[in-house]
Amino acid sequence: MKAEIDPDVVATLRGRSLLTTHDWTTAELDAALAVADRFQQLDRSGRPAALLPNELAYALFFDNSTRTKSAWAGAAARLGMQPVIVDGTSTQVSHGETAAETGAMLGMNAHALGVRHDLILGEGNVFMREIQRGIDDYLAATDDERCVPIVNLQCDVDHPTQTLADLLWLREHFGGDIAGKRIAVSWAYSPSYAKPLSVPQGLVSLLPRFGAHVTLAHPEGYDLLPDPLRWAHEGAVASGGTFTVTDDMDAAFEGADAVYPKSWGPQALMFERVAANQAHDIAALHDIEERALALNAKHRRWICDERRMALTDDALYLHCLPADIGDEVEPSVMDRFRTAVAEEANKKLYVIMALLAVAKVDDLADRLAAA
Ligand code: CP
């Protein structure tokens, strides 16, 4: 697949942060994906793309990560930037420094900022927007024309670098277009921890915009937030795709071209975390986690197994990883798709390169054409 880069649309992305895919138009997302595709071609053919030398790419992680941290570091290094990754809990945020104050302090030194803040519903995306306000206000007050874009590396609402990577991978698999493809985004049982809602929310708010027929399946009590569900319906109407919700995993898998079964936490308990977290009540947080896992355990049959894969139209299996093998997915299914999910994960590197470059590089389309 070789996507065309639209220089006019790419130019509109100069200076832009990505906090949810909903904030960007479909044409803007297409332009960023075309740039990501170009970075992938350059990287795979060994051609350098050090378009941002001597710049600092700082990332704050308030939650664990393997893939996204390494994609951030790999993207920054390939662009010639210096990546620095910091444990968010080691900042002064836990001592009361606000997000806007933290943003100002980081923005005075860094040239781009990635943030993961995904565990507490109602907090992560708000935190990122406050960080951005702090940076922008500081730069404006000091007449500093530097652009310091924020990249959402997963929040409570969305995981845009993941879902754009998923879309890039789906497009590559389906020959360039997902319009008309049937994609099941399903809850699956996990015994490990109550996972954020942001991946399924990001998927359902993104994929219907590109003409896919998306079915969301989950048991009662595992609803997603209202805004991403509304965006999913709006995106489907605008593109000619569809978006439906069911409580039947088999029905979602029937005839599917791609399946994305993964766990997330029960919404009511995820909201209970907010007060416990604000009170730093570790015992309450532990109790909520135990109750969430007990609720999950009522739905052990929600697994992506060979029987369900046989219901599909020879579907591609996707997962953002890490997967609970044996619980979310039968081991033999994961074994068949082990390389596929690794390739899916690798797309995030090129998506982050694209998000940094479209925000920061002048005449990017011309420079990529010449690279
Ligand atoms: N899928 C994903 O974001 O992986 P990490 O949590 O390891 O970054």
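This is a predicted model: local features need pLDDT of at least 70, side-chain atom pairs count only at pLDDT 80 or more; totals for chains, interfaces and linings use all residues.
## Salt bridges

The side chains of D335 and R338 form a salt bridge, with nitrogen and oxygen 3.1 Å apart. R338 is partly exposed, at a relative accessible area of 43%.

R129 belongs to helix 5, whereas D23 belongs to the loop between helix 1 (7–12) and helix 2 (26–44), so the pair ties together parts that are 106 residues apart in sequence. R129 counts as partly exposed, with 34% relative accessibility. D23 is likewise partly exposed, and its relative accessible area is 34%.

A salt bridge also links D250 with R308, where the closest N and O atoms are 2.6 Å apart. Because D250 lies in helix 9 (residues 249–253) and R308 in helix 12, this pair ties together parts that are 58 residues apart in sequence. D250 and R308 are both buried. Elsewhere, E130, R133 and D137 are linked in a network of salt bridges.

## Aromatic pairs

A pair of aromatic rings is described by the distance of the centres and the angle of the planes. The count for this structure comes to 4 aromatic pairs. In one of them, the ring centres of F62 and F127 are 5.2 Å apart and the planes stand at 75°, so the arrangement is edge-to-face; an angle over 60 degrees is what this class requires. F62 is placed in the loop between strand 1 (56–61) and helix 3 (67–78), and F127 in helix 5 (residues 124–141), so the contact ties together parts that are 65 residues apart in sequence. F62 is buried, with a relative accessible area of 17%. F127 also counts as buried, at 8% relative accessibility; the limit for this class is under 20%.

W187 and W302 form an edge-to-face pair as well, with 6.1 Å from centre to centre and 75° between the planes. W187 is part of strand 5 (residues 182–187), while W302 is in the loop between helix 11 (282–296) and helix 12 (306–311); the pair therefore ties together parts that are 115 residues apart in sequence. Both W187 and W302 are buried. With Y222, these two tryptophans form one aromatic cluster.

A ring also takes part in a contact with a charge: the charged end of K69 sits over the ring of F61, at 5.6 Å from the ring centre.

## Ligand surroundings

Which residues are around the ligand? They are S65, T66, R67, T68, R116, H159, Q162, C320, L321 and K348.

Individual atom distances describe several of these contacts. A backbone N or O atom of T66 lies 2.6 Å from an oxygen atom of the ligand. A polar atom in the side chain of Q162 is 3.0 Å from a nitrogen atom of the ligand. For L321, a polar backbone atom is 3.0 Å from a nitrogen atom of the ligand. On its own, the ligand has 250 Å² of accessible area, and the protein covers 92% of this.

## Backbone geometry

Most residues other than glycine have a negative phi, and most peptide bonds are trans. L321, which is among the residues around the ligand, has a positive phi of about 65° although it is not a glycine. The peptide bond that joins L321 and P322 is cis, with omega at about 5°. L321 is located in the loop between strand 9 and helix 13. P322 lies in the loop between strand 9 (316–317) and helix 13 (331–336).

H280 is another residue that is not a glycine and has a positive phi, here of about 50°. Its place is in the loop between helix 10 (267–278) and helix 11. Is H280 buried or exposed? H280 has a relative accessible area of 62% and is therefore exposed, since this class applies over 50%.

Key
Residues are numbered from 1 along each chain as its sequence is written. Side-chain values use heavy atoms; hydrogens and water are left out. Rings of Phe, Tyr and Trp (its six-membered ring) pair if their centres lie within 6.5 Å; planes under 30 degrees apart count as stacked, over 60 as edge-to-face and the rest as tilted. Helices (H or I, at least four residues) and strands (E, at least two) are DSSP runs, numbered from the N terminus. Buried means under 20% relative accessible area, exposed over 50%, partly exposed in between (1.4 Å probe, protein chains only). A charge sits over a ring if NZ of Lys or CZ of Arg is within 6 Å of the ring centre and within 35 degrees of the ring normal. A residue is near a molecule or strand if one of its heavy atoms lies within 4 Å of it. A polar contact is a pair of N or O atoms within 3.5 Å; within protein, one must be able to donate a hydrogen and the other to accept it, and residues adjacent in sequence count only if both atoms are side-chain atoms. Accessible areas come from the Shrake-Rupley method with a 1.4 Å probe; for residues, only the protein chains shown count as cover. A salt bridge is a side-chain nitrogen of Lys or Arg within 4 Å of a carboxyl oxygen of Asp or Glu.
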